[in-house]
Amino acid sequence: ARAQIGVTGLAVMGSNIARNFARHGYTVALHNRSIAKTDALLEAHGGDGDFIRTETVEEFVAALEKPRRVLIMVKAGDPTDAVIEELANAMEPGDIIIDGGNALYTDTIRREAAMAARGLNFVGAGISGGEEGALNGPAIMPGGPKESYESLGPMLESIAAQVDGTPCCTHIGPDGSGHFVKMVHNGIEYADMQLIGEAYNLFRDALGFDAKQIADVFTQWNTGDLESYLVEITAEVLNQVDAKTGKPLVDVIVDAAEQKGTGRWTVKSALDLGIPVTGIAEAVFARALSGSRTQRAAAKGLASGVLGEKPTDVAEFTEAIRQALYASKIVAYAQGFDQIAAGSAEYDWDLHPGDLATIWRGGCIIRARFLNRIKEAYEADPTLPSLILAPYFREAIEQAIDSWRRVVVVATQLGIPVPAFASSLSYYDGLRAERLPAALTQGQRDFFGAHTYERIDAEGKYHTLWSGDRSEVSA
Ligand code: NDP
């Protein structure tokens with residue numbers, strides 16, 4: 001037994017992480033349900049380092065140093081449970097099972113409790129970065145017992161992305177917290193992608209730009225505040241020319257977005273926690289709308305009611321779109337961090353938002369210059385009531401607000417859908433409002449259900465005798 005780590009599940013993610021471990025000098029035991037993937041990996045990349053080929057779970061477990069560490073990278077859901085059960089039967093108390101798949105955090109909570117009862121350490125670790133990140137340094141969000149991080153942490157930190165000498169990996173908190181945080185990361189990724197999509201749509205339909213022109217704008221933006229992996233790859237995708245037709249590739253791709261579920265999970269969890277993640281929710285719904293192809297085909301030709309002219313000052317409107325994108329992005333992140341704070345309170349996780357901003361600076365899909373600002377904001381005030389209230393972001397929005405409104409107005413006048421831009425702006429307006437229409441809502445609730453209300457000028461709960469003499473009583 002000489003492998004420091006074992007990886008089971010050698011599809012795209014698992015094989016690249018196994019190679020990443022090997023390249024960092026670890027001896028890696030390899031296992032996959034079907035031996036073909038193990039052999040394919042060894043044949044193509046066996047030279048990357050010291051691998052141990054195993055066929056059965058027993059052989060795999062026997063190849064590992066104690067305490068044994070196994071990283072599971074199989075399909076999320078039932079396959080993960082099946083693999084955990086097999087491993088647990090072959091492992092011993094004190095050993096560590098790490099699930100690096102995209103598990104739902106409530107499954108991780110359940111699995112951690114079941115493994116703890118058997119004396120095993122179970123670590124649900126969110127891993128982001130796709131194929132390339134897995135190989136060259138992902139962002140890793142491990143939850144689970146703190147003790148297991150002592151032996152596991154240094155290994156994970158060594159293979160993670162590094163930013164300014166800091167690894168993009170830290171112990172997140174107990175049980176399901178790592179997967180919860182990864183889920184919200186993915187939700188933010190949905191929002192970020194939707195916002196970029198809305199900017200692209202405006203360039204195309206309000207300014208009449210072609211894909212190449214839009215790519216140039218994104219390339220330019222990637223040198224400023226918006227510098228990020230997603231903005232960078234946006235330019236790459238927009239620059240891609242289709243070999244078959246000679247057209248921009250983006251113009252021949254069907255405009256129906258798919259999803260694997262982590263965005264939806266984020267929104268469901270936010271609903272349960274009572275946190276408005278409107279940016280993320282709009283992004284999930286926008287994908288759903290794009291995918292409703294039958295309905296969309298039937299709706300072609302519906303009245304547009306377009307008012308107003310297209311913007312004529314191209315440079316000015318380009319900058320306005322940039323500002324709208326930046327401000328909306330601040331809102332999406334602020335909402336995501338609110339959800340993390342709420343999850344932390346609900347499950348007693350003691351999460352540190354500044355640490356998350358730190359590890360999301362590299363490796364993961366939402367990596368961005370912007371994350372440095374978030375890290376600084378939480379360093380300056382770990383108890384920020386909202387990211388929007390941090391001086392840096394407050395000022396950024398102050399600068400952007402006129403442009404943000406103008407972009408939403410122009411899009412609305414021209415009939416261009418901007419659900420995430422518009423709802424982020426509405427959220428911001430709601431957050432800063434002196435008075436919300438919720439007073440009326442409370443009155444209505446009291447009217448039909450005697451649900452009571454509070455008064456602005458007195459303590460306690462009150463009820464109006466709506467079906468009686470309409471006098472007010474203390475409830
Ligand atoms: P897949 O999600 O496509 O899963 C394929 C792997 O799961 C194969 O190794 C397969 O084995 C194994 N498997 C499936 N069912 C079973 C089962 N019942 N018992 C044992 N093994 C099984 O692989 P990916 O590499 O794309 O992803 C791995 C995990 O990482 C997933 O949870 C995914 O959500 C997550 N993830 C993926 C990212 C990505 O960019 N792809 C990014 C971040 C996380 P076999 O070869 O025998 O079929």
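## Basis of the model

Local features in this predicted model require pLDDT of at least 70 and side-chain atom pairs pLDDT 80 or more, whereas totals for chains, interfaces and linings use all residues. Residues are numbered from 1 along each chain as its sequence is written, and side-chain values use heavy atoms, with hydrogens and water left out.

## Helices H8 and H9

Helix H8 (residues 177-205) packs on helix H9 (residues 211-221) at an angle of about 135 degrees, and their axes are 10 Å apart. H8 is therefore oblique to H9. Helices are DSSP runs (H or I, at least four residues; strands are E, at least two) numbered from the N terminus. The crossing of H8 and H9 is right-handed.

On the H8 side, Ile196, Ala199, Tyr200, Phe203 and Arg204 meet Ile214, Val217, Phe218 and Trp221 of H9 (contact means heavy atoms within 4.5 Å). This contact of H8 with H9 comprises 8 nonpolar, no polar and 1 charged residues.

## Helices H14 and H18

Helix H14 (residues 314-347) and helix H18 (residues 419-432) have axes 9 Å apart and pack at an angle of about 65 degrees. H14 passes H18 in a left-handed crossing.

Ala324, Leu325, Ser328, Val331, Gln335 and Asp338 from H14 meet Ala420, Phe421, Ser424 and Tyr427 from H18. By class, the contact of H14 with H18 holds 6 nonpolar, 3 polar and 1 charged residues.

## The largest pocket

The largest pocket has a volume of about 1,800 Å³. A pocket is an open set of points on a 1 Å grid where a 1.4 Å probe fits, with protein on both sides within 12 Å along at least five of seven lines; lining residues have an atom within 4 Å of a point. Of its 45 lining residues, Gly197, Tyr200, Asn201, Asp255 and Ser290 lie nearest the centre.

H8 gives the most to this lining, with 10 residues. Helices H10 (229-239), H12 (278-291) and H13 (293-299) are among the elements that each supply at least two. The lining divides into 27 nonpolar, 8 polar and 10 charged residues.

## The second largest pocket

The second largest pocket has a volume of about 1,400 Å³. It is lined by 45 residues, and Met13, Val74, Lys75, Asn102 and Lys260 are the closest to its centre. Elements giving two or more residues to this lining include helix H1 (12-23), strand S6 (121-128), H8 and H10. By class, the lining has 20 nonpolar, 16 polar and 9 charged residues.

How values were computed
Axes are lines fitted to C-alpha atoms, for helices over the stretch in contact, and angles run from 0 to 180 degrees between N-to-C directions. Angles under 35 degrees count as roughly parallel, over 145 as roughly antiparallel, 65 to 115 as roughly perpendicular and the rest as oblique. A crossing is left-handed if the near helix is turned anticlockwise from the far one by less than a right angle, and right-handed if clockwise. Ala, Val, Leu, Ile, Met, Phe, Trp, Tyr, Cys and Pro count as nonpolar, Asp, Glu, Lys and Arg as charged, and the others, Gly among them, as polar. Grid points are joined across faces, edges and corners, and a volume is the space filled by probe spheres set on the points.
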